[in-house]
Amino acid sequence: MTLPLELLWMLLLLAVIVVSFIILKRPIYESMLTGFLILAVVMGQTKAIPALLLKPSTNTLFYAIVAFLTLAFVFGETQVVNTIIEFMMSLVGRFKGGAGYVALTSSTFMSALSGTGPGNVAATGVFTIPAMIKTGFSPELAATTEMSASSLGPMIPPSGTILLAFGVLDAALPGTFNLSTFWLVVWGIGLWFILQRALLLFVLCRVEKVEAIPTEEIPSFRKTVREGWKALLVPVIIFLPLLLDFLLKDTFFTARIGAEGAGALSSSVIQFTPGVAALYTLWISRDKIEGGLRLPVIVNLFKKGVKSVVPVAATIYFAYCISELFGQAHVGQTLEHTIASLNLSGWQVAVFIPLFTMFLGMFLPGSSQIAIFGVGIVGALMAVGVPPLLAAGILPAITGGLEGMTPPLALCMYTAMGISGSGMKETSRLALIWVFAHLVTAVLILLNIIPVPFL
């Protein structure tokens with residue numbers, strides 16, 4: 001069987017990045033740019049390169065990620081995050097790996113509201129990752145724990161990805177199922193993935209010998225709150241606007257400023273929130289910054305952060321360029337027909353589909369995968385006896401839930417690395433363990449070995 005041209009393009013991109021990054025040892029952002037340029041030429045999209053390079057600059061989420069990475073740097077320089085870490089340690093320090101479970105819980109909740117894995121890593125990781133490292137996690141385990149927790153967001157209601165998956169189901173079987181039933185099934189699927197992450201975190205904490213903090217070193221809860229209440233307002237400044245935007249968008253803002261205005265407000269909230277938090281952090285730390293808040297001091301502070309923020313931002317930027325290239329080249333249609341032509345048995349489809357979407361996640365966002373391949377994937381699963389609700393309900397888990405974790409275009413992983421300072425090799429190796437566990441869970445669900453509640 002001849003491989004479709006679109007699949008060969010993907011393999012070429014992967015080969016270029018591997019050669020550039022692993023063999024030639026070039027920076028990952030340079031390797032991504034090289035892969036994008038070579039692929040654009042091979043695909044006959046040379047004239048479109050300038051437009052494709054400019055396209056991510058119109059992406060709200062990209063700016064939000066950069067802003068939150070900058071906020072993470074400000075936290076580190078002002079030591080405000082230390083107060084937040086001490087507060088978390090006072091709550092969970094007596095448990096082995098306690099900070100990791102805080103990350104899993106908080107990031108799952110917040111990413112479900114935002115529906116974006118990378119953006120949530122940037123928003124919550126500035127608190128959870130330093131807390132995990134402080135309590136004995138290696139930088140790569142802290143980064144991948146946050147990465148895996150935030151990757152749950154696109155696959156748990158009320159994420160917008162769920163609505164996209166329901167649209168696929170309704171297109172396949174018009175009017176057969178209602179949205180509330182579908183949401184319950186998706187929640188049932190999501191609970192298994194939350195449990196999978198908790199169990200894997202438990203194992204990895206034992207492997208890395210993450211211990212509980214000695215009782216005498218656990219900060220006093222009352223003292224931390226009394227002395228650091230100003231710093232403890234920072235998470236409120238970050239999360240409250242996002243929560244209000246989610247809760248009031250349809251009932252309050254849309255009714256007053258229209259759907260377009262409410263959408264613009266949502267984009268503004270996620271972009272301006274880290275800036276406001278950074279200004280507040282600098283203000284409450286003014287007496288502890290050498291030289292105060294004078295302009296030359298602030299300029300030098302941010303100049304220092306360029307080396308840590310820009311490489312991660314560039315990597316994410318070129319990842320978006322590659323996704324845009326595949327989207328404009330209509331890569332999906334041929335690959336969809338290829339799946340249908342394989343004539344796989346039930347268990348083969350249950351194994352092949354998650355592996356296929358994992359592969360696509362190296363190049364395409366989860367929402368794009370659902371839009372391009374969703375009908376074909378659901379049809380292939382239904383053809384071998386998978387219930388329609390399950391076939392559509394697992395779409396967000398095997399697309400959006402994987403794309404942020406799977407190298408080389410693992411946006412959640414890169415964002416977490418930018419905060420933790422972990423190495424690319426160590427983090428990628430550990431990320432693949434999380435990906436493998438996710439894949440096994442997906443296959444077991446599709447094979448009905450793990451029963452799904454509400455189905």
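In this predicted model, C205 is a buried residue, its relative accessible area being 0%. A disulfide is a covalent bond between the sulfur atoms of two cysteines. A search of the whole structure finds 0 disulfides, and C205 accordingly takes part in none, the nearest cysteine sulfur, which belongs to C412, lying 19 Å away. C412 is likewise assigned to the buried class, because its relative accessible area is 1% and the cut-off for burial is under 20%. For C412, the closest cysteine sulfur is that of C321, and the separation of 18 Å is too far for a bond.

Burial was also examined for a residue in a helix. T427 is located in helix α20, which spans residues 424–446, and T427 counts as buried because its relative accessibility is 0%. When residues up to four places away in sequence are left aside, T427 touches E140, A143, T144, M413, M417 and S422.

Two packed helices are described by the angle between their axes and the distance between the axes. For helix α1 (residues 5–23) and helix α2 (residues 28–42), the axes come within 9 Å and cross at roughly 145 degrees, and the crossing of α1 and α2 is right-handed. On the α1 side, the contact is formed by W9, L12, L13, V16, I17, S20 and F21, while α2 contributes I28, S31, M32, T34, G35, F36, I38, L39 and V42. Sorted by class, the residues in the contact of α1 with α2 comprise 12 nonpolar and 4 polar ones, with no charged residues.

Note on methods:
Residues are numbered from 1 along each chain as its sequence is written. This is a predicted model: local features need pLDDT of at least 70, side-chain atom pairs count only at pLDDT 80 or more; totals for chains, interfaces and linings use all residues. Side-chain values use heavy atoms; hydrogens and water are left out. Axes are lines fitted to C-alpha atoms, for helices over the stretch in contact, and angles run from 0 to 180 degrees between N-to-C directions. Helices (H or I, at least four residues) and strands (E, at least two) are DSSP runs, numbered from the N terminus. A crossing is left-handed if the near helix is turned anticlockwise from the far one by less than a right angle, and right-handed if clockwise. Contact means heavy atoms within 4.5 Å. Ala, Val, Leu, Ile, Met, Phe, Trp, Tyr, Cys and Pro count as nonpolar, Asp, Glu, Lys and Arg as charged, and the others, Gly among them, as polar. Buried means under 20% relative accessible area, exposed over 50%, partly exposed in between (1.4 Å probe, protein chains only). A disulfide is a pair of cysteine sulfur atoms within 2.5 Å.
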